[in-house]
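I'd like to walk you through one model, so please have a look at it with me.

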Amino acid sequence: MLNGITEELEKSFTEIYGKSDIPVKIFSSPARINIIGEHIDYNGGKVFPAAINRYLYIAIRKRSDKKIIYNDVRFRGTYEFFIDDNFVYDKKNDYANYLNGILTQIKEEGFIFPCGFEILISSFIPAGGGISSSSALECGFAFAVSETFGFNIERKKLAQIGQMSEHRFMNVKCGIMDQFIISTAKKDTAELLDCASLDYEYIPLKLGDWCFVVMNTNKVRRLADSKYNERRSECEKALKLIQENGTNVKTLCDLTPKEWEKVKTCIKDETLLKRAEHCVYENQRVLDASAALKNGDLKKLAFLMNESHKSLKEKYEVTGIELDTLAETAQKQDGCLGARMTGAGFGGCAIALVKKDKSDAFIENVQKEYTKVTGYAATFFTCGSSDGAALYK
């Protein structure tokens with residue numbers, strides 16, 4: 001199938017740009033799931049993502065002039081610039097803004113482009129589905145440009161370039177998890193990542209007869225940004241109360257559950273109490289999940305996934321009827337070990353750990369209940385792990 005995809009991409013590339021003696025290179029960039037560890041990256045916690053085998057592809061070829069041209073297989077419209085331009089965000093440039101932001105950051109690192117290039121994008125990652133289609137575009141493009149021009153930018157730096165592009169060019173104050181896992185992932189592993197220090201460890205992800213099923217609510221996440229800022233503010237208020245009580249911690253996730261139980265009485269506001277408690281216990285679940293995978297204990301991992309979703313629903317309150325229906329219906333199915341929302345919440349995706357030979361029946365049953373509750377269908381696909389951004393051909 002993949003050969004067919006890239007052959008079609010090469011064919012379309014030639015139809016758009018014509019033939020040349022300069023070779024066309026094709027790069028792949030994966031989507032990602034976060035197995036556990038939600039809404040704690042900005043509270044000093046650790047996250048536990050894995051890249052999955054659902055990809056965005058970028059075909060790229062150097063030009064003999066300074067022009068750069070962007071095209072996408074799915075989205076009509078050609079975007080043309082010059083490599084020496086001082087790029088600025090412009091809403092009418094749509095996805096080209098992500099690419100121009102990356103180029104801006106690469107140039108700020110001191111790299112010089114001797115010529116322009118032309119690209120064609122083909123993505124098989126659902127846009128806005130919570131499995132990081134935008135970061136796959138950013139990091140895949142950054143890697144493609146780095147390799148094509150011989151910059152050899154190390155992968156950790158590529159992730160930072162992606163994040164800085166979001167911060168400085170797109171004006172989105174995102175964390176670094178998505179860019180980091182897409183840049184550095186290794187097949188058959190998940191990454192235990194400290195988002196503050198960027199220390200990370202590869203943890204074996206050997207699922208055997210089991211697989212992850214991604215369940216997309218197909219709901220537009222209108223509340224995600226505003227609620228994200230609200231939750232972040234609540235956590236900051238809770239932390240300040242703990243610090244004012246004489247506890248010397250820099251972040252909520254510096255607290256162990258045992259330490260939290262000793263200091264939580266200083267927080268009188270019930271909402272702030274719930275938000276902080278989620279962070280402390282979710283961080284511990286990440287540590288426990290990584291230990292479970294090291295021991296090959298998928299039942300323990302799945303139990304922690306279920307507990308995570310419950311906490312995100314009851315304590316952090318970022319799920320909603322769509323995600324709750326998917327996760328809670330999934331948890332009841334034969335052949336499912338556990339399920340939880342993944343990503344920011346209020347829509348987007350959930351994931352489930354499902355027996356491979358039960359996946360078809362699982363999807364059918366969850367789809368039926370989801371449609372009954374919401375009135376529309378979800379989208380499902382099974383996935384395995386993947387390497388990060390790579391030269392495909």
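I'll go through a sheet, the helices around it, a helix pair and a few loop residues.

First, the ground rules. This is a predicted model, in which local features need pLDDT of at least 70 and side-chain atom pairs count only at pLDDT 80 or more, while totals for chains, interfaces and linings use all residues. Residues are numbered from 1 along each chain as its sequence is written, and side-chain values use heavy atoms, with hydrogens and water left out.

Let's start with the sheet. It is open and has six strands, in the order β5-β4-β6-β3-β1-β13, with mixed pairing. Helices (H or I, at least four residues) and strands (E, at least two) are DSSP runs, numbered from the N terminus, and two strands pair if DSSP finds at least two bridges between them. As a reminder, strands of a sheet pair through backbone hydrogen bonds, either parallel or antiparallel.

Which strands stand at the edges? They are β5 (79-82) and β13 (390-391); each has a single partner strand, so one side of each lacks a neighbour in the sheet.

Now follow β1, residues 25-34. Towards β13 it pairs in the antiparallel sense over two bridges, and towards β3 it is joined by 10 bridges, again antiparallel. For S28, the partner in β13 is A390. Nine of the 10 residues of β1 are buried, so this strand is largely enclosed by the rest of the structure. Here buried means under 20% relative accessible area, exposed means over 50%, and partly exposed lies in between, using a 1.4 Å probe and protein chains only.

Helix α5 (residues 177-184) lies across β1 and β3 (49-62), running at about 130° to β1. Helix α2 (residues 96-108) lies across β4 (67-72), β5 and β6 (117-123), at about 140° to β4. For the angles, axes are lines fitted to C-alpha atoms, for helices over the stretch in contact, and values run from 0 to 180 degrees between N-to-C directions.

Next, a helix pair. Helix α9 (residues 298-314) packs with helix α10 (residues 321-331) at an angle of about 150°, their axes 11 Å apart. The two are therefore roughly antiparallel, the word used for angles over 145 degrees. Who makes the contact, meaning heavy atoms within 4.5 Å? From α9 come N306, H309 and K313, and from α10 come L323, D324, A327, E328 and Q331.

Finally, some loops. N218 is found between β9 (210-216) and α6 (224-244), and is partly exposed at 37% relative accessible area. Its C-alpha atom is separated by 6.7 Å from that of G348, 130 residues apart along the chain. Beyond neighbours within four places in sequence, N218 is in contact with Y376, A377, A378 and T379.

N171 sits in the loop between α4 (155-170) and α5, whereas F346 is in the loop between β10 (336-342) and β11 (349-355). Buried or exposed? N171 is exposed at 59% relative accessible area, while F346 counts as buried at 10%.

That's my tour, and I'm happy to take questions.

Conventions: Angles under 35 degrees count as roughly parallel, over 145 as roughly antiparallel, 65 to 115 as roughly perpendicular and the rest as oblique. Contact means heavy atoms within 4.5 Å.
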